[in-house]
Amino acid sequence: MYKQLTEEKRLQIWALRKEGKSQTEIANVLEVHRSTVSRELSRNSGPYGYEPQLAQRMAIYRKKFHTQIIEKQYEELVKELVSIGWKREQCQEFILHHHPELTIEQINKLIDDGILAKKV
C-alpha cells in the first residue's frame, strides 16, 4: 500500500543528500523504494536543490486537492443513481460493493445529500 513520505523522512532525504548519499542509499536508510526517492527529489527540487519544507507543504496541498476531486466523484455517482430512481438500499449496496473504502455513514450522507439536491 502506498504511503506518503512524512516530514521527518523528507528532512532525512535532505540531510542524506547533503552528505552526498545516492538515491539508492537514501532509499535503503528510509526503507522505501528508490523510485520514491527519485520521484521526491525530481518533484520537489528547485534552483537551490531539494527543499523539504516546501515538499511537505506541496504534499499536503496535493492530498487536499485529490480528496476534493474524489469527494466530488462520489457526489456525482450518488446523484446519478438517485436520478435513475434507485432506492436507498440499492444505492448503498452498489456503493459498498464498488467503493468499500466508504463507511455506511459516509454513504448515507452522500445519499441524503443527493436526494436533497434532486428535490431542489
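At 22% relative accessibility, His-99 counts as partly exposed, because the buried class ends at under 20% and the exposed class begins at over 50%. The model you are looking at is predicted.

**Around His-99**

- You can find His-99 in the loop that runs between α5 (88–98) and α6 (104–119).
- Which residues does His-99 touch, once neighbours within four places in sequence are left aside? They are Tyr-74 and Leu-77.
- Leu-110 sits 11 residues from His-99 along the chain, and the C-alpha atoms of the two are separated by 13 Å.

**The chain as a whole**

- Six helices and two strands make up the list of elements in this chain.
- Taken along the principal axes, the box filled by the C-alpha atoms is roughly 60 × 25 × 20 Å.
- How many of the 120 residues count as buried, as a percentage? The share is 24%.
- The chain exposes about 8,800 Å², and 55% of that area is supplied by carbon and sulfur atoms.
- Take the contacts between residues at least 6 apart in sequence: 43% of them join residues at least 24 apart.

**Two buried residues to look up**

- Asn-44 belongs to the loop between α3 (34–43) and β1 (45–46).
- With a relative accessible area of 6%, Asn-44 is buried, since anything under 20% falls in that class.
- Leaving aside neighbours within four places in sequence, Asn-44 is in contact with Gly-49, Tyr-50, Glu-51, Ala-55, Met-58 and Arg-62.
- Val-82 is part of helix α4 (residues 52–83), and its relative accessible area of 7% makes Val-82 buried.
- Val-82 and Ile-111 are 29 residues apart in sequence, yet their C-alpha atoms are 7.8 Å apart in space.

**Charges and salt bridges**

- The chain carries 20 positive and 17 negative side chains, and the centres of these two sets lie 4 Å apart.
- The structure has four salt bridges, among them the pairs described below.
- Glu-40 and Arg-10 form a salt bridge whose closest N and O atoms are 2.8 Å apart. This pair links distant parts of the chain, with Glu-40 in helix α3 and Arg-10 in helix α1 (residues 7–18), 30 residues apart.
- Are Glu-40 and Arg-10 buried or exposed? Glu-40 is buried at 5% relative accessibility, and Arg-10 is buried too, at 3%.
- Lys-72 pairs with Glu-76 in a salt bridge, the closest N and O atoms being 3.5 Å apart. Both residues lie in helix α4, four residues apart, or about one turn of the helix.
- Lys-72 is partly exposed at 42% relative accessible area, and Glu-76 is partly exposed at 39%.
- Asp-113 forms a salt bridge with Lys-109, with 2.9 Å between the closest N and O atoms. Because they are four residues apart in helix α6, about one helical turn separates Asp-113 and Lys-109.
- Asp-113 counts as partly exposed at 37%, whereas Lys-109 counts as exposed at 53% relative accessibility.

How values were computed. Residues are numbered from 1 along each chain as its sequence is written. This is a predicted model: local features need pLDDT of at least 70, side-chain atom pairs count only at pLDDT 80 or more; totals for chains, interfaces and linings use all residues. Side-chain values use heavy atoms; hydrogens and water are left out. Buried means under 20% relative accessible area, exposed over 50%, partly exposed in between (1.4 Å probe, protein chains only). Contact means heavy atoms within 4.5 Å. Accessible areas come from the Shrake-Rupley method with a 1.4 Å probe; for residues, only the protein chains shown count as cover. Lys and Arg count as positive and Asp and Glu as negative; His and the chain ends are not counted. The place of a charge is taken as NZ of Lys, CZ of Arg, CG of Asp or CD of Glu. A salt bridge is a side-chain nitrogen of Lys or Arg within 4 Å of a carboxyl oxygen of Asp or Glu.
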